[in-house]
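Please look over the ligand site and the pockets with me, taking the points below in order.

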Amino acid sequence: MSKFAITGGARGIGLALRDLLMSEGHDVLTIDLNGGDITADLSNIRGRKKAVEAIKKWAPKGLRGYIPCAGLPPVAKPIEKIPSVNFFSAVETLENLRHLLSMDRGCALLVTSNSAPMLPHDDPFVLECLARDEVKVGAQITAIADGHIAYVGSKRALAMWMRQNVVSYANQGIRLNAIAPGITQTGLTDQVFNDPVLGQAMRDFEKSVPAGGSTTPETIAAVMCFLLGDAAKFVYGAVFFVDGGSDAMLRPKHF
Ligand code: NAD
């Protein structure tokens, strides 16, 4: 039995992963705004510290897996919370759990998105996230006022941060990977479907997915479980698309 901590584990994909890991006999601690084992608002530094301290107390002998899954959709308000939760909270908490993960030769699985490649790697907002000045990023996205850029940019930055840190974490025995889900039936997706601006675009995109529409949180969780387990012990630095073929459809020349 191993210990896994999941942020955003009270709903959606995080909850499905929690249930699956527990059904395999693992211990799981969830951190969420509400409804998790630990209540913390990861959009701010105080909440992140609270989450990290709680995880350290819960797993003093080491953590096998950390999954910063909490995320906000492109329609979330205020807009500056989108990069704060989707990028900054994931990276900051992971950095503070690094020692705990190394104690159990653990792994971290970041949750990016099939939409991440929709912004180029050198997009100014992506680079600003990677420069790690959260206040500046918040001000920049508030001025741009574009939820799509906030979401896609923070997910792109997250995948790039993961790739840039694979070697250094591997040197401590920690595997880093990311999963890139496509449209998954959760509360987050409902918020986008119900948005007057993005809703129709999302419905059109859903119709174009090669596998036919969207999927369940359980389908995503099953692949996450594989990436967290021993069967994936040689998988390092992968951005694993579970998106019904939409990334291949949009970017047939990339691999
Ligand atoms: P969800 O809304 O069902 O779950 C997200 C969870 O994060 C919720 O429990 C929420 O309370 C928590 N959360 C949000 N803000 C928080 C904060 N400030 N502090 C603590 N917890 C907070 O959404 P989901 O679809 O399960 O999303 C999980 C992850 O998957 C997100 O990172 C999301 O961006 C990503 N993702 C989802 C989809 C999709 O189609 N649903 C696609 C690609 C990526």
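1. Which residue places a backbone N or O atom 2.9 Å from a nitrogen atom of the ligand? It is Leu42, while a polar side-chain atom of Arg11 lies 2.7 Å from an oxygen atom of the ligand; a polar contact here is a pair of N or O atoms within 3.5 Å.

2. The model is predicted, with local features needing pLDDT of at least 70 and side-chain atom pairs pLDDT 80 or more, whereas totals for chains, interfaces and linings use all residues. Residues are numbered from 1 along each chain as its sequence is written, and side-chain values use heavy atoms, leaving out hydrogens and water.

3. Around the ligand stand 28 residues (a heavy atom within 4 Å), and among these Arg11, Ile13, Asp32, Tyr151 and Thr186 come nearest. Helix 7 (187–193) supplies the largest share of this shell, 3 residues, with helices being DSSP runs of H or I of at least four residues.

4. The ligand sits in the largest pocket, meaning that more than half of its atoms lie within 2 Å of the pocket's grid points. A pocket is an open set of points on a 1 Å grid over the protein atoms alone, where a 1.4 Å probe fits, with protein on both sides within 12 Å along at least five of seven lines; lining residues have an atom within 4 Å of a point.

5. The largest pocket has a volume of about 1100 Å³, the space filled by probe spheres set on the points, and Helix 7 gives the most to its lining, with 5 residues.

Technical notes: Polar contact = N/O pair within 3.5 Å; in protein donor to acceptor, adjacent residues only side chain to side chain. Helix = DSSP H or I, 4+ residues; strand = E, 2+ residues; numbered from the N terminus.
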